[in-house]
Amino acid sequence: MHPLRPTLKALLWLLLLNVPLGAQELIQSRASNEFGFWLGASAPVPATPYSEVLDGTIGGGLFYRVEWPWVFHTEAGFSFSHYQSRTTQAATIAPFYLALAYRLPFPWKVQTFLKAGAGSAYIQVRPNNLQGWDPLGYAGLEFSLQPTRRFRIGLRLDYNLVYEEHLKNPQDENLPLVLLLGGSLEQELRYREANRFKLENGHFFHFGLMMSFYF
């Protein structure tokens, strides 16, 4: 064995021990990608028009995150929720988003992320058989722990704004319901306001348990 080899090994270990633990964690995490999923409650935001029609449900989603650019993380993901209602109506919503996440520099072990982004949401309404894509606004808050180098667990709260006010109203929105049924307008004036149509943006939140893995 070369006489200098043990000395070089000892110097290398001393250098690694002198590197702060926070810097070691930063170096390790920057070399990794993160893939995870969440499962929890999904519901319309209270006091919004959709909350008066749709009930809460169980939703879930997947996400992929990488430390880029600069001090931010880039996160892409989607979720899936099927909402029942108090009537025969039902809605399936699948948002897809791309967001920037910032990890707040708090000194404790619980890591806090703030997120904001945009995307598109696929919506299907039954039994009307209406479906299509709408613009999506996204915001999120995450509290998580990284007990090992390869695993993270925590809680996340996501907010989705489904923008529908850009759509055009139906051509018959201002016609009294009696005309649509072939009746007499003079005899049924009480139906004059019965067929009002109003587009509303959708406000939804998701709150659940998340787990992710580094690779």
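Me: Which residue forms a salt bridge with Glu75 in which the closest N and O atoms are 3.0 Å apart?
Reply: The model is a predicted one. In it, Glu75 lies in strand S3 and its partner in strand S2, so the pair ties together parts that are ten residues apart in sequence. Both residues are buried. The partner of Glu75 at 3.0 Å is Arg65.

Me: How far apart are the closest N and O atoms in the salt bridge of Glu75 with Arg156?
Reply: Glu75 is in strand S3 and Arg156 in strand S7, which covers residues 151-162. The pair links distant parts of the chain, 81 residues apart. A salt bridge needs a nitrogen within 4 Å of a carboxyl oxygen. Between Glu75 and Arg156 the closest N and O atoms are separated by 3.3 Å.

Me: Is Arg156 buried or exposed?
Reply: Buried means under 20% relative accessible area. Glu75, its salt-bridge partner, has a relative accessible area of 0% and is therefore buried. Arg156 has 1% relative accessibility, so Arg156 counts as buried.

Me: Which residues do salt bridges that share partners join into one network?
Reply: Glu75 forms a salt bridge with Arg65 and another with Arg156. Such shared partners link the pairs into one network. Its members are Glu34, Arg65, Glu75, Lys115, Glu142, Arg152, Arg156 and Asp158.

Me: Which residue meets the side chain of Arg86 in a salt bridge of 3.7 Å?
Reply: Side chains of opposite charge can pair when their charged atoms come close. The structure holds nine salt bridges. In the one at 3.7 Å, N to O, the partner of Arg86 is Asp55.

Me: How many residues apart in sequence are the parts that Arg86 and Asp55 tie together?
Reply: Arg86 is exposed, with a relative accessible area of 56%, whereas Asp55 is partly exposed at 27%. Arg86 lies in the loop between strand S3 (72-84) and S4, and Asp55 in the loop between strand S1 (33-44) and strand S2 (57-66). The pair therefore ties together parts whose separation in sequence is 31 residues.

Me: How many bridges join S7 to S8?
Reply: S6 and S7 run antiparallel, with eleven bridges between them, and a hairpin of two residues connects them. Ala139 stands opposite Tyr159 in S7. S7 and S8 also run antiparallel, with Ile153 opposite Met211 in S8. The number of bridges joining S7 to S8 is twelve.

Me: Which residues does Ile93 touch, not counting residues up to four places away in sequence?
Reply: Ile93 is among the core residues that touch the most other members. Two of those, Tyr83 and Phe204, are also among the contacts of Ile93.

Me: Which side chain does a polar contact of 2.7 Å join to that of Tyr122?
Reply: Tyr122 is in strand S5 and is partly exposed, with a relative accessible area of 24%. Beyond four places in sequence, Tyr122 touches Thr92, Ile93, Ala94, Gln131, Gly132 and Trp133. The C-alpha atoms of Tyr122 and Ala94 are separated by 5.1 Å. The polar contact of 2.7 Å is with the side chain of Gln131.

Me: How many contacts beyond four places in sequence does the model have for residues 1-31?
Reply: The protein averages a pLDDT of 80, and 69% of the residues score at least 70. Over residues 1-31, however, pLDDT stays under 50. Where pLDDT is low, the predicted coordinates should not be read in detail. For residues 1-31, the count of such contacts is eleven.

Terms used: Residues numbered from 1 in each chain as written. Heavy atoms only, no water. pLDDT = per-residue confidence, 0-100. Contact = heavy atoms within 4.5 Å. Core = buried A, V, L, I, M, F, W, Y, C linked by side-chain atoms within 4.5 Å. Buried < 20%, exposed > 50% of the residue type's maximum accessible area, 1.4 Å probe, protein only. Helix = DSSP H or I, 4+ residues; strand = E, 2+ residues; numbered from the N terminus. Pairing = 2+ DSSP bridges. Polar contact = N/O pair within 3.5 Å; in protein donor to acceptor, adjacent residues only side chain to side chain.
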